[in-house]
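Hi,

Here is the structure I promised to pass on. Have a look at it first, then read my notes below.

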Amino acid sequence: EEIERLNELVTNFILYGRPPKLHRAPVRLPELADGVLRMMEGRLRAQTISCRTEYREVGEVFADPDQLRRALVNLVGNSVDAMPNGGTLTVSAGPRDDGRYSVVVQDTGVGIPAADREKMFEPYFTTKASGLGLGLVLTKKIVDAHGGEIAVESAPGKGTRIEVALPAVPAAQAEDEPSTGPVP
């Protein structure tokens, strides 16, 4: 577990210095989110965090599945860190009114003070004892590279809600893509 954590730190540091190269494919957000949650099962169980998923009819986004997975791992990891004594993690995905799709990571953790919310996407800003403060910077970089947006709502003592909105697969793009099936 410690080696995995150190590897993530080094990888984040390396990726921070260069723009993400995207290898896009049609991606279904619920399948991607389910994979991340399976990967985090041990931590969720160890911290007595209950997990809920809420997936509405979700089409595909045209995205780099590995980069998007990295962003989602950062968001879910931060939510888990915010609930050291247990809580509820909710991951939802679905269409938005503006034609985009979103994935939302919401927790019942400690929340983020307003002053910290203003700095949370700045390099090297962290409130954690260990870490480089690059996870959310990289997450924002990945979301921006996909033409998406990230929005944060939080209240100290009540939890945090982070929504990532991404463009849907354009109809013309979906028709031009080879039929390899969705990428989780």
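Helix α4 (65-81) gives the most to the lining of the largest cavity, with four residues. Both α2 and α4 supply at least two residues of that lining. A cavity here is a set of points, on a 1 Å grid over the protein atoms alone, where a 1.4 Å probe fits but cannot get out, and lining residues have an atom within 4 Å of a point. Helices (H or I, at least four residues) and strands (E, at least two) are DSSP runs, numbered from the N terminus.

Before you go further: this is a predicted model, where local features need pLDDT of at least 70, side-chain atom pairs count only at pLDDT 80 or more, and totals for chains, interfaces and linings use all residues. Residues are numbered from 1 along each chain as its sequence is written, and side-chain values use heavy atoms, with hydrogens and water left out.

Back to the cavity. The count comes to one cavity of 30 Å³ or more, and about 50 Å³ of space lies in the largest cavity. (Grid points are joined across faces, edges and corners, and the volume is the space filled by probe spheres set on the points.) Its lining is made up of Leu29, Leu32, Leu68, Ala71, Leu72, Leu75, Val103, Val143 and Val164. That divides into nine nonpolar, no polar and no charged residues; Ala, Val, Leu, Ile, Met, Phe, Trp, Tyr, Cys and Pro count as nonpolar, Asp, Glu, Lys and Arg as charged, and the others, Gly among them, as polar.

Two of those names, Leu29 and Leu32, turn up again among the buried residues of α2 (residues 29-39), with Pro30, Ala33, Val36 and Leu37. Looking down the axis of α2, its buried residues fall within an arc of 160 degrees, so they line one face of the helix. The arc is that of the directions from the helix axis to the C-beta atoms, and buried means under 20% relative accessible area, exposed over 50%, partly exposed in between (1.4 Å probe, protein chains only). Val143 is buried too, in α6 (residues 135-145), along with Gly135, Leu136, Val137, Leu138, Thr139 and Ile142.

Next, find Arg100, in the loop between β4 (87-95) and β5 (101-107). Is Arg100 buried or exposed? At 16% relative accessibility, it counts as buried. Its side chain makes polar contacts with the side chains of Asp98, at 2.8 Å, and Glu149, at 2.9 Å. (A polar contact is a pair of N or O atoms within 3.5 Å; within protein, one must be able to donate a hydrogen and the other to accept it, and residues adjacent in sequence count only if both atoms are side-chain atoms.)

Now for Thr48, which sits in the loop between α3 (41-46) and β2 (49-55). Most residues other than glycine have a negative phi. Thr48, though not a glycine, has a positive phi of about 50 degrees. It counts as exposed, at 57% relative accessibility.

Ser50 is in strand β2 and counts as partly exposed, at 38% relative accessibility. Leaving aside its neighbours within four places in sequence, Ser50 is in contact (heavy atoms within 4.5 Å) with Gly87, Thr88 and Leu89. The side chains of Ser50 and Thr88 are joined by a polar contact of 3.3 Å.

As for the whole chain, there are seven helices and seven strands, and 42% of its 184 residues count as buried.

Cheers

Terms used
On a 1 Å grid over the protein atoms alone, a cavity is a set of points where a 1.4 Å probe fits but cannot get out, and a pocket is an open set with protein on both sides within 12 Å along at least five of seven lines; lining residues have an atom within 4 Å of a point.
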